[in-house]
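I opened this notebook to record what I looked up in one chain, going from the whole to single residues. The entries are written for someone who has not seen the structure before.

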Amino acid sequence: MIRPSTPEGRLAGCLGFPTVSSREGFSLEPFHGLHKYSRECWPAVFARMNPLTIGGASLLFELRGSDPALEPLLLTAHQDVVPADADDGWDHPPFLGLVENGVIHGRGALDFKCGYAGILEACETLLQQGFRPDRTLYLAMGHDEEIGGAAGAEGMTRLLEDRAVMCAFALDEGGYIHTLPWSGDRTALIGIAEKGYATFSVRAEAEQGHASVPTPVTAAGLLAEGVICIGSNPFPLRPPPDIMALFESADLEEVAATSYGSALTRTTATVTVVRSGEKENVLPASGSMLVNCRIIPGESIASVEKRLTDMLARIGLVVTLQRNESLSEPSRVAPVESDEYRVVRDAARLVCDGIPVLPGIFVAATDSRHYSRVARSVYRFLPVRLDNRGVGMLHSRNEAITIADYHSCVGFYREVVRRFC
Ligand SMILES: [Zn+2]
């Protein structure tokens, strides 16, 4: 294996390993290939930070600081990616890892091998320059984030807990450079919290009958009423106070009229699956649907369950919480009046070319729900420009990152480590 000579070449090489995770089970072989390749790309990091392999393919690196009284820094990324099918309209094969016209193409370019390679690249440069930290630095590189992190992030968190490690803060994915839909302004958002996650199953029962003599109420009709009821009774606007600077003089109702503005300011509930009826000439006697909720900090799984239950009981629908591995309460909100926040913000400013940097929340979920047990606070940021698809870009076809944005990621991580450790 020849070590590519540029940072973008080394990231592109990582994209060549199809490190796909799946709830149905997945091969660790591509991960081990990625590790062997990474060892050649970033030799000082592997020699000096000597990673432990956890859960089969997660890597936990440690660079011991000189002052044990200082709380460590935890940088996190994940190696696994969501599946990609070349026949699904990709312009380039998703696992080729191609650099062309200033852009690095491939599955994982944004989510999240730019973090994996970017952190290793930043540390390699610092170590080559003789950097010796006062504060211990941990790198946690998960291998199953896309399926909940039960082996990787959870395993590494437990190991740090066993060693009684409490980090000053963790830095994860979950903040990007967005174009705010209510103002059109480009803004870099540092995620100071992430939303909770819960799915509810909603059941309808009605009389079965013959379609030739229809009754006014069917299970499908009740579910339809439920869909309308959920859509027309949005949760109250409740943005965390620390993100209000994002909305400036904009009217909050106008902000929430945009999909992204709504996701940032309230708990969202949306019907994703509806099932009812079996046969063309039989009235459906039962049916069910799934309501996926993303819970704003300040609310909880229990408060959302109560609101949905009360609202849908009026239509005769029965709500049940689905207990799966994605279920999570909203995260704590990390402080913005702290040295840790200022380190992240100032490093972000340095690479964001004058784009304002403000606190925001991440509307989806990351591995940091595990890491938050070993870190006083969690911040989420990557200096990457998302287009109007927003975070939808991360799992879409033609995933890619510009070389310029990737260099910003490397510079951002380097500055955070240099300033804080
Ligand atoms: Zn990710």
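**Entry 1: ground rules**

I noted that the model is predicted, that local features need pLDDT of at least 70 and side-chain atom pairs count only at pLDDT 80 or more, while totals for chains, interfaces and linings use all residues. I also wrote down that residues are numbered from 1 along each chain as its sequence is written, and that side-chain values use heavy atoms, with hydrogens and water left out.

**Entry 2: the whole chain**

I looked up the secondary structure and found 12 helices and 18 strands in the chain, where helices (H or I, at least four residues) and strands (E, at least two) are DSSP runs numbered from the N terminus. The radius of gyration is 23 Å, close to the 22 Å that the globule rule gives for 421 residues, so the chain is as compact as a globular protein of that length. For this value the radius is taken over C-alpha atoms, and the globule rule is 2.2 Å times the number of residues to the power 0.38. I then looked at the C-alpha trace, which spans about 80 × 45 × 45 Å along its principal axes.

Next I checked burial, and buried residues make up 55% of the 421 residues; buried means under 20% relative accessible area, exposed over 50%, and partly exposed in between (1.4 Å probe, protein chains only). The chain exposes about 17800 Å², of which carbon and sulfur atoms supply 50%; these areas come from the Shrake-Rupley method with a 1.4 Å probe, and for residues only the protein chains shown count as cover. Among contacts between residues at least 6 apart in sequence, 81% join residues at least 24 apart, a contact being heavy atoms within 4.5 Å.

**Entry 3: helix 10**

I turned to helix 10, which covers residues 339-351 and has 13 residues, and its reach from first C-alpha to last is 19 Å, close to the 18 Å expected at 1.5 Å a residue. The expected span is 1.5 Å times one less than the number of residues. Which residues of helix 10 are buried? I listed Tyr341, Val343, Val344, Arg345, Ala347, Ala348 and Val351. Against what do the buried residues of helix 10 pack? Their partners are strand 7 (167-172), strand 9 (186-194), strand 16 (357-362), strand 17 (375-380) and helix 12 (403-420).

Helix 12, one of these partners, has 18 residues and reaches 26 Å, close to the 26 Å expected. I found helix 12 mostly covered, with 13 of its 18 residues buried.

Isoleucine 190 lies in strand 9 and is buried, with a relative accessible area of 0%. Proline 359 lies in strand 16 and, at 10% relative accessibility, counts as buried. Leaving aside its neighbours within four places in sequence, proline 359 is in contact with Ile190, Ile192, Asp242, Ile243, Leu246, Val336 and Tyr341. I also looked up the separation of proline 359 and arginine 345, which are 14 residues apart in sequence and 8.8 Å apart in space, C-alpha to C-alpha.

**Entry 4: a buried threonine**

I located threonine 157 in helix 5 (residues 152-162), and at 0% relative accessibility threonine 157 counts as buried. Which residues is threonine 157 in contact with, leaving aside its neighbours within four places in sequence? I found His370, Tyr371, Arg373 and Val374.

**Entry 5: backbone details in loops**

I looked for positive phi values in residues other than glycine, and aspartate 353 has one near 45°. Aspartate 353 sits in the loop between helix 10 and strand 16, and at 61% relative accessibility it counts as exposed.

Asparagine 50 also has a positive phi, near 30°, and its place is in the loop between helix 3 (43-49) and strand 1 (52-54). Buried or exposed, where does asparagine 50 fall? At 57% relative accessibility, asparagine 50 counts as exposed.

Phenylalanine 112 lies in the loop between strand 5 (103-105) and helix 4 (113-128).
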